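This report goes through a few local features of one protein model.

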Amino acid sequence: MKALGIIFANIYESSLGGLTNKRTLASLPYGGRYRQIDFTLSNLSNSGIRHIGIIAKYNYQSLMHHIGSGQEWNLEMEEGGLEYLTPFATGHVGSYRGKLEALNSAMDFLQFAQEEYVVLADSSVVCNIDLGKVLQAHVESGKDVTVVVKDGVANGVKQLDLGIRLDPDNRVVDLAVDYCAGPEYVASMGMFVMRRDMLIHYVKESVARSRYRFERDFLLKQFGDRNITVGVYPFAGVALFNESTLEYYQNNLALMDAGVRHGLFRDGRTIYTRVRDRVPTTYGVDAQIDDCIVADGCRLEGKAEHSVFFRQVKLEEGARVKDCVIMNDCVVGQGAELYCVILDKDVVVRPGVRLIGTPENPIMVKRGDVV
């Protein structure tokens, strides 16, 4: 019962604004020292799935630099290891109009693989899941497609790529796409398991008829026509959906909650990332750092509360930071005041500047800006 993995690196980027102007969603920094793809790669590797293709269309330089040969995830680029499915490798030009077209561009990868099953995964959901159990449950269920789902996400406000309504016996009775589903629905986590030969068949048939979206043009249509059976795998652990700038902001700050941290970083199921050796963080004599996530290499001399500091951040004397997400190599000048702010990498905040956002509308400063 072998499976290969396919990761979509460019999903949901339009909803994250400036955070993904120059990088894929998969390479978006998260939690002080990680990238979002670290969780997806680690979940696959920890589950024994080590033949993985990463479909990336554009802005993938930082992604490739971060992952490299995949050594940290035990996914060295060799036969049966990690493969980058970029336009250079696939020969596809233009923008992908959906996952089906992206998969069609990677058809050689799918056809030459030997594994019987395929695990498809987005990079937008941060979680720590045993995909081996998902694969086993899929095979035992006899369903054509298994969707990993999370309860409690659908609230009538958040638009779901795929909402699923179940009967009391957990059988699928309705699928809804791009729908602000109510709490009677469970939300897809963007992870799907199916046979490789079936995926190849439906990708070819769909693209030939100008159908490009996986959830709408494949799952919804074929389930509605009763051509396939769909089952679900309910995930009970911590799952954070980073599908918008606000969700990204809230889910970084959520790491201050011990239950969230322990749900993501669990004994026996390590989340791996690229190793970057830095000197330890130094704290000034008058520094006051309370309830924060702090990576290595920082120099903190001001005051900070309930914030996330990535590597090599400088917080100068007299600066005050609260409810902020501050990425690598940022400088917060002397006497500056930040509240509900996201600073992308290499931002410089001049001394005395005040940036005041709200929990519902955080201020986002683009990479490399000086304010």
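## Helix 1

Helix 1, which spans residues 36-46, is mostly covered, with 10 of its 11 residues buried. The model is a predicted one. The buried residues of helix 1 are Q36, I37, D38, F39, T40, L41, S42, N43, L44 and S45. After helix 1 comes G48, which has a positive phi near 80 degrees.

Strand 4 covers residues 52-55 and is buried on both faces. I52 and I54 lie on one side, G53 and I55 on the other.

Strand 4 has a parallel pairing with strand 1 (residues 3-8), made over 4 bridges. In this pairing I7 is opposite I54 of strand 4. Strand 4 also runs parallel to strand 5 (residues 82-85), and 4 bridges join the two. Here I55 faces L85 of strand 5.

What is the strand order in the open sheet of 5 strands? The order is 16-19-22-25-28, and the pairing is parallel. Strand 16 (293-294) and strand 28 (363-365) are the edge strands, each pairing on one side only.

Within this sheet, strand 22 (residues 325-326) pairs with strand 25 (residues 341-343) in the parallel sense, over 2 bridges. I326 is placed opposite L343 of strand 25. Pairing between strands of a sheet is made through backbone hydrogen bonds, in a parallel or antiparallel sense.

## The second largest pocket

The second largest pocket holds about 280 Å³ of space. Its lining is made by 17 residues, and those nearest the centre are R35, H65, R276, N328 and K345. Strand 3 (34-35) and helix 2 (61-67) are the elements that give two or more residues to this lining.

How many residues of the lining of the second largest pocket are nonpolar, polar and charged? The lining divides into 3 nonpolar, 5 polar and 9 charged residues.

## Cysteines

The whole structure was searched for disulfides, and 0 were found. C292 is in no disulfide: its nearest cysteine sulfur belongs to C324 and is 9.4 Å away. The cut-off for a disulfide is a pair of cysteine sulfur atoms within 2.5 Å. A disulfide is a covalent bond that links the sulfur atoms of two cysteines.

Is C180 buried, partly exposed or exposed? C180 counts as partly exposed because its relative accessibility is 33%, and the partly exposed class lies between under 20% for buried and over 50% for exposed.

How values were computed:
Residues are numbered from 1 along each chain as its sequence is written. This is a predicted model: local features need pLDDT of at least 70, side-chain atom pairs count only at pLDDT 80 or more; totals for chains, interfaces and linings use all residues. Side-chain values use heavy atoms; hydrogens and water are left out. Buried means under 20% relative accessible area, exposed over 50%, partly exposed in between (1.4 Å probe, protein chains only). Two strands pair if DSSP finds at least two bridges between them. On a 1 Å grid over the protein atoms alone, a cavity is a set of points where a 1.4 Å probe fits but cannot get out, and a pocket is an open set with protein on both sides within 12 Å along at least five of seven lines; lining residues have an atom within 4 Å of a point. Grid points are joined across faces, edges and corners, and a volume is the space filled by probe spheres set on the points. Ala, Val, Leu, Ile, Met, Phe, Trp, Tyr, Cys and Pro count as nonpolar, Asp, Glu, Lys and Arg as charged, and the others, Gly among them, as polar.
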